[in-house]
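Please open the structure in a viewer and keep the sequence beside it.

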Amino acid sequence: MTEPLLVDRTDAVVTLTLNRPTAMNSLDVALKEALRDTLVELETDRSCRAVVLAGAGGSFSAGQDLREHVQTLESADADPLATVRAHYNPIAARLANLPKPVIAAVRGMAAGAGASLAFLADFRIGGPKTRFLMAFAGVGLAADTAASWTLPRLVGHAKAVELLMLAEPVGAEEASRLGLLTKLVDDDEQVLPTAQELAARLAAGPTVAYAAIKRQLSIADAGTLADALAAEAQAQSICGATADHRSATMAFVNKQKPVFEGR
């Protein structure tokens, strides 16, 4: 049986590949559970210092597997969208709060929950064939997998309304202009290598500080100035006690290149 999620480790970088290429990497229960459970493991895995999320074949992910969903609808299930609480919400929370950098290699189509997964990453790399489609309204649904939280932060409230309600595809150039992509490369074949190169660079950096930065921004996005200042004070207290901070400070003073160990 083919594994729905491929896990590849190269040094401190873990690449998670959604592996249902014949179904455009649509998200069935097996894939959602594998992704959810793997993210739980990576959260406390000290050997993993950066994560790349990719899709097999020519697509990133078409979102929810609608063929499987039709079966759920026809089963008279009392809550046909129970997968939101069981799978999508936990996945979104883990991705958003993962204490290490996450880079999405968005090759080809990213639709619905597939696009939402990409928006939860800290960085998104795309190519000429990259497309985003907030497909939820097209099947009579509202947003999930944290799209209602990520989209306004990436493109602003008004544009998020447009993308979610009109459900029209966004091409690579526009995605780059809007900020949905961090970097647009010229060749689709270079999307994954570019994402992995960035992941390797981040993995060699001050990962404790990166985790703190992610927490700071999350708090500041929804909080007050006082909340942000309190979060900054806490973060600097944590980072200031790390070996990375001390050794990097000494390296700077001695005009040397710092070496970060993530502790």
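Is Leu-141 buried, partly exposed or exposed? Leu-141 counts as partly exposed, because its relative accessibility is 33%; buried means under 20% relative accessible area, exposed over 50%, and partly exposed in between, with a 1.4 Å probe and protein chains only.

Before the next selection, please note the basis of the tour. This is a predicted model, in which local features need pLDDT of at least 70 and side-chain atom pairs count only at pLDDT 80 or more, while totals for chains, interfaces and linings use all residues. Residues are numbered from 1 along each chain as its sequence is written, and side-chain values use heavy atoms, with hydrogens and water left out.

**Stop 1: the surface around Leu-141**

Select the loop between strand 7 (131–133) and helix 5 (147–155), where Leu-141 is placed. Helices (H or I, at least four residues) and strands (E, at least two) are DSSP runs, numbered from the N terminus.

**Stop 2: the whole chain**

Display the chain as a cartoon; it has 11 helices and eight strands. Its C-alpha trace spans about 65 × 40 × 35 Å along the principal axes. Buried residues make up 43% of the 263 residues.

**Stop 3**

Two strands pair if DSSP finds at least two bridges between them.

Zoom in on residues 5–10 and 13–18, strand 1 and strand 2, which run antiparallel and are joined by six bridges. Here Asp-8 stands opposite Thr-15 in strand 2. The two strands form a hairpin with two residues between them, and Asp-11 in the turn has a positive phi of about 55°.

Next select Thr-38 in helix 1 (residues 29–43). Thr-38 is buried, with a relative accessible area of 13%. Apart from residues up to four places away in sequence, Thr-38 touches Leu-5, Val-7 and Leu-16; contact means heavy atoms within 4.5 Å.

Move to strand 4 (residues 102–106) and strand 6 (residues 123–126), a parallel pair joined by four bridges. The bridge partner of Ala-104 in strand 6 is Arg-124.

**Stop 3: salt bridges**

The whole structure contains 13 salt bridges, each a side-chain nitrogen of Lys or Arg within 4 Å of a carboxyl oxygen of Asp or Glu. Select Glu-43 and Arg-94, whose side chains meet in a salt bridge (2.3 Å, N to O). Glu-43 lies in helix 1 and Arg-94 in helix 3 (residues 83–97), so the pair ties together parts that are 51 residues apart in sequence.

Finally, select Asp-122 and Lys-214, which form a salt bridge with the closest N and O atoms 2.9 Å apart. Asp-122 lies in the loop between helix 4 (113–119) and strand 6, and Lys-214 in helix 9 (residues 207–222), so this pair ties together parts that are 92 residues apart in sequence. Asp-122 is partly exposed at 28% relative accessible area, whereas Lys-214 is buried at 14%.
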